[in-house]
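Here is a short report for a reader meeting this structure for the first time. Please look at the model, then read on.

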Amino acid sequence: SDALQTDTEQNDEDKIAQLTGLNVEEMAFVLFVFTALLVIAGSIYWPLRQLQKQINGLVAVNDQFGSGDLKVRANESLSKPLNQLAKSFNMMASAIADTVKENQIFAQAVPHEVRTPLSRIQLAAGLIRKTEESAQRAELVDNIDSYIDDINELIVQVVTFSKLNSTAQEEEASFEQVINAMDFVESRLASLKPDINITVQLQIDQALEIVTNPAYLRLLLDNLLKNAFSHTYSVIIIVMHQVGDTIEFSVEDDGPGIPLEQLETIFFPFARLDKSRSRKTGGLGLGLAIARAAGKRMKCDLVADNNPAGGARFGCQFAVDR
């Protein structure tokens, strides 16, 4: 029986040698090396896998913070050196959040403080009107009233711009409505009352509906129209139609256009092509900045370019369903 068992084992070894080209000792060594490699690979893979998860977590927090959630913070209970990176990010995020909050408080406080002396100026102007009248005095009081109107409008625009650039509110979706594009544009035109010498052409799909916050759409449209009214020679074209899953929107005029080097800077607060602060010429410098900020709240990026035939064009695209 021992001889038979020995013969069987020998036959098994021969079969293994035939299949693998290795004898038993060599096969055992290969298995040992393979097992050792598996153990080493496992000991490397799991730490790397955990490191990858931590890195992905930091990237997600960074994206969330960049999208406007200034309260989000990174988990500092990470392996080295990622824990130091998380701490540095949190310190930076806290500093940015504090600065944004301070700026918001400042932007809201200044207009409130300015309105008090303005009301006193208005009262004084009213009293002057009741005294002995003269053409020169009446003209002076009219100028004071005009300056007061400019400052009041500036205050409103500063507050609006500040609110649009504040952190997004979670409940904003509850303010969204289904808006018929044609009806909305016509109502805004009726409210703004353009000059009778200006022709406004509407290229809008009659059945087009937009789901958005009407306050943002009003700020976007009104400020673009006011800008177009100030610079057009005679014609303004409003385009709004659906292309696939997006809505293309633009306001064009036949005015002098925009210098190429200023196509981006015109969206900066208080940037004007016309250096005058008069509302009849250069405006107060916040209209286009407010329009772009409102567009961002609608998840679209407002851009400017020039028409080949002359004049400026402001346009953006936003999703039909967001």
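Asn-90 is buried, with a relative accessible area of 8%. Buried means under 20% relative accessible area, exposed over 50%, and partly exposed in between, with a 1.4 Å probe and protein chains only. Asn-90 lies in helix H3, residues 82-130. Leaving aside residues up to four places away in sequence, Asn-90 touches Arg-73, Ala-74 and Glu-76. A contact here means heavy atoms within 4.5 Å.

This is a predicted model: local features need pLDDT of at least 70, side-chain atom pairs count only at pLDDT 80 or more, and totals for chains, interfaces and linings use all residues. Residues are numbered from 1 along each chain as its sequence is written, and side-chain values use heavy atoms, with hydrogens and water left out.

**The chain**

The protein chain has 7 helices and 7 strands. Helices (H or I, at least four residues) and strands (E, at least two) are DSSP runs, numbered from the N terminus. Along the sequence the pattern reads α-α-α-α-β-α-β-β-α-β-β-α-β-β. Of the 322 residues, 31% count as buried. The average pLDDT, the predictor's confidence in each residue from 0 to 100, is 78, and 75% of the residues score at least 70. Over residues 275-281 the pLDDT is below 50; this stretch has 14 contacts in the model beyond near neighbours in sequence.

**Helix H5**

The buried residues of H5 are Ala-181, Met-182, Phe-184, Val-185, Arg-188 and Leu-189. They cover an arc of only 165° around the axis, so they sit on the same side of H5. The arc is that of the directions from the helix axis to the C-beta atoms. These buried residues pack against the elements below.

| Element | Residues |
|---|---|
| strand E1 | 177-180 |
| strand E2 | 199-204 |
| strand E3 | 209-212 |
| helix H6 | 214-231 |
| strand E4 | 235-243 |

Ala-181 is found in H5, residues 181-192. Ala-181 is buried, at a relative accessible area of 2%. Beyond residues up to four places away in sequence, Ala-181 touches Ile-204, Leu-208, Ile-210 and Met-240. Ala-181 and Ile-204 are 23 residues apart in sequence, yet 7.3 Å apart in space, C-alpha to C-alpha.

At the start of H5, a side-chain oxygen of Asn-180 reaches to within 3.2 Å of the backbone nitrogen of Met-182. Just after H5, Lys-193 takes a positive phi of about 55°.

Technical notes: Polar contact = N/O pair within 3.5 Å; in protein donor to acceptor, adjacent residues only side chain to side chain.
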